[in-house]
Amino acid sequence: MAEDNLWTWRKEMYRMVDRLTPEAYEAIAALVYLEMLQFGMTAVCEFHYVHHQSGGAHFANPAEMSDRLIAAAADTGLGLTLLPVLYAHGGIGKPAEPTQQRFVHDVDAYLSLIDTLRSRRTDHPDLHIGLALHSLRAVTPDEAKAALAGMNALDPQARLHIHVSETTHEVAEVEAGLGARPVQWLLDNTCLDDRWCLVHATHLDASEIAGAAASGAVAGLCPLTEATMGDGFFPLVEYHQAGGAWGIGTDSHYSTSIAEELRMLECGKRLELRRRNVITTPNAAGPVHSGPVHSGRVHFDMALRGGEQASGQGGGALVTGRRADLVTLDAGCNVLLGHDPQTALDAWMLGGTENPVRDVMIGGKWVVRGGYHPQEARIKANYRAAMAQLTT
């Protein structure tokens with residue numbers, strides 16, 4: 001029987017992507033962003049690489065698909081850090097496949113897109129534009145360095161993201177093609193620092209764990225996607241003990257619940273290590289807590305801090321000068337019954353599947369009240385219509 005993994009899933013994903021219209025893309029994004037808000041997220045880092053028409057022809061507006069994501073974020077009120085993806089090859093030394101032509105840019109066209117999108121911030125104050133290298137498989141070293149130099153010239157504070165070390169297949173290909181494991185190559189050849197987000201970073205050796213943690217880069221973990229793809233477990237305990245920053249993403253959006261992602265992260269490691277509360281050991285590099293240390297508190301604080309670092313949205317804390325983002329939980333929700341502020345986050349993460357998020361504020365404006373978003377009915381209707389078109 002043929003192995004079923006990320007690579008077989010990718011073929012089916014490409015078939016769906018090939019049918020996406022700009023209108024469908026916006027409708028799908030709006031529903032995903034709505035769900036994120038209702039689960040308590042206030043910003044998303046959108047790793048965006050569907051840029052062109054089916055077959056690879058460019059739209060009259062090169063930013064057409066990016067603009068659809070910007071419109072979806074504006075419609076819902078979610079903060080957006082848009083990360084257009086540089087994708088140039090189908091693997092090391094391989095041309096892009098026909099199914100990948102919607103993603104492909106050369107460096108000059110890519111930087112032109114970045115520059116165009118930066119101009120959109122005038123009308124969208126919660127929009128941030130960063131850079132994403134799809135992976136070390138999809139860009140050459142020279143392309144990566146040229147794109148990074150161009151981004152630094154446009155905005156030296158921009159966030160920089162890359163898929164890296166998601167599978168053992170990727171690690172082997174990069175090691176054979178570039179002479180080093182993926183994260184080690186980044187450590188040796190880029191100025192890896194706190195602007196970077198290493199998406200997945202699942203397969204790291206001890207040297208990479210130490211180097212990545214010391215660099216200040218965020219490990220962008222997507223536990224449910226990594227589980228459903230059979231990728232493997234991120235070395236959470238070792239990375240956390242090394243003082244590494246990490247955050248949570250949803251990647252393929254099997255779920256948009258931060259609680260489910262954190263539950264998978266914690267409980268997956270419990271299964272692997274055969275012990276409980278895997279990162280509650282006091283860590284000098286992590287947040288300082290008074291009294292008993294709870295898994296829910298530690299996971300929430302690390303994910304919040306890592307998410308803010310990866311997005312650069314300006315929230316993440318209730319202090320002067322930060323964006324006023326607030327999430328309130330319903331104390332009457334079954335998940336939270338009998339809990340107090342000390343244990344509520346444990347209950348949210350580990351205590352059940354009912355969503356206790358009640359209200360969400362972004363930048364001082366309530367966008368969800370009582371679990372309801374004012375554009376919910378229209379967004380869902382648009383999504384149903386888009387999916388009906390894509391699946392017939």
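User: Which residues is glutamine 100 in contact with, leaving aside its neighbours within four places in sequence?
Analyst: Glutamine 100 is in contact with Arg10, Tyr14, Tyr87 and Gly90. Keep in mind that this is a predicted model.

User: Where is the place of glutamine 100?
Analyst: In the loop between β4 (94-95) and α4 (107-118).

User: Is glutamine 100 buried or exposed?
Analyst: Buried. Its relative accessible area is 0%. A polar atom of its side chain lies 2.8 Å from the backbone nitrogen of glutamate 97.

User: New topic. What order do the strands take in the open sheet?
Analyst: The order is β11-β12-β13, with antiparallel pairing. β11 (326-329) and β13 (365-368) are the edge strands. Each has a single partner strand, so one side of each lacks a neighbour in the sheet. On average, neighbouring strands are turned by 25° against each other, direction ignored.

User: What packs on the sheet?
Analyst: Helix α2 (residues 22-38) does, touching β12 and β13. The direction of α2 makes about 110° with that of β12.

User: How many bridges does β12 have with β11, and how many with β13?
Analyst: β11 pairs with β12 (residues 357-362) over 4 bridges. Between β12 and β13 there are 3 bridges.

User: Which residues stand opposite valine 360?
Analyst: On the β11 side, valine 327 stands opposite valine 360. In β13, valine 368 does.

User: What about the turn between β12 and β13?
Analyst: The two strands form a hairpin with 2 residues between them. Glycine 363 in the turn has a positive phi of about 60°.

User: And methionine 361, buried or exposed?
Analyst: Buried, at 10% relative accessible area. Methionine 361 lies in strand β12. Beyond its neighbours within four places in sequence, methionine 361 contacts Thr42, Ala324, Asp325, Leu326 and Trp366. Aspartate 325 is 36 residues away along the chain, yet the two C-alpha atoms are separated by 5.2 Å.

User: How many of the residues of α12 are buried?
Analyst: 12 of the 17, so the helix is largely enclosed by the rest of the structure. Among them are Val298, His299, Met302 and Gln309. Just after α12, glycine 312 takes a positive phi of about 65°.

User: Which residue does arginine 297 form a salt bridge with?
Analyst: Aspartate 301, with the closest N and O atoms 2.9 Å apart. Both lie in α12, 4 residues apart, about one turn of the helix. Arginine 297 is partly exposed at 31%, whereas aspartate 301 is buried at 16%.

User: How many salt bridges are there in the whole structure?
Analyst: A search finds 17. One of them joins lysine 269 and glutamate 272, at 2.4 Å from N to O. Those two lie in helix α11 (residues 258-273), 3 residues apart. Lysine 269 is buried at 4%, while glutamate 272 is partly exposed at 40%.

User: What does arginine 120 pair with?
Analyst: Aspartate 67, with the closest N and O atoms 2.9 Å apart. Arginine 120 lies in the loop between α4 and β5 (127-129) and aspartate 67 in helix α3 (residues 64-76), so the pair ties together parts 53 residues apart in sequence. Arginine 120 is partly exposed at 23% relative accessibility.

User: Which residues are linked in a network of salt bridges?
Analyst: Glu23, Glu26, Glu64 and Arg68.

Terms used:
Residues are numbered from 1 along each chain as its sequence is written. This is a predicted model: local features need pLDDT of at least 70, side-chain atom pairs count only at pLDDT 80 or more; totals for chains, interfaces and linings use all residues. Side-chain values use heavy atoms; hydrogens and water are left out. Two strands pair if DSSP finds at least two bridges between them. Axes are lines fitted to C-alpha atoms, for helices over the stretch in contact, and angles run from 0 to 180 degrees between N-to-C directions. Contact means heavy atoms within 4.5 Å. Buried means under 20% relative accessible area, exposed over 50%, partly exposed in between (1.4 Å probe, protein chains only). A polar contact is a pair of N or O atoms within 3.5 Å; within protein, one must be able to donate a hydrogen and the other to accept it, and residues adjacent in sequence count only if both atoms are side-chain atoms. A salt bridge is a side-chain nitrogen of Lys or Arg within 4 Å of a carboxyl oxygen of Asp or Glu.
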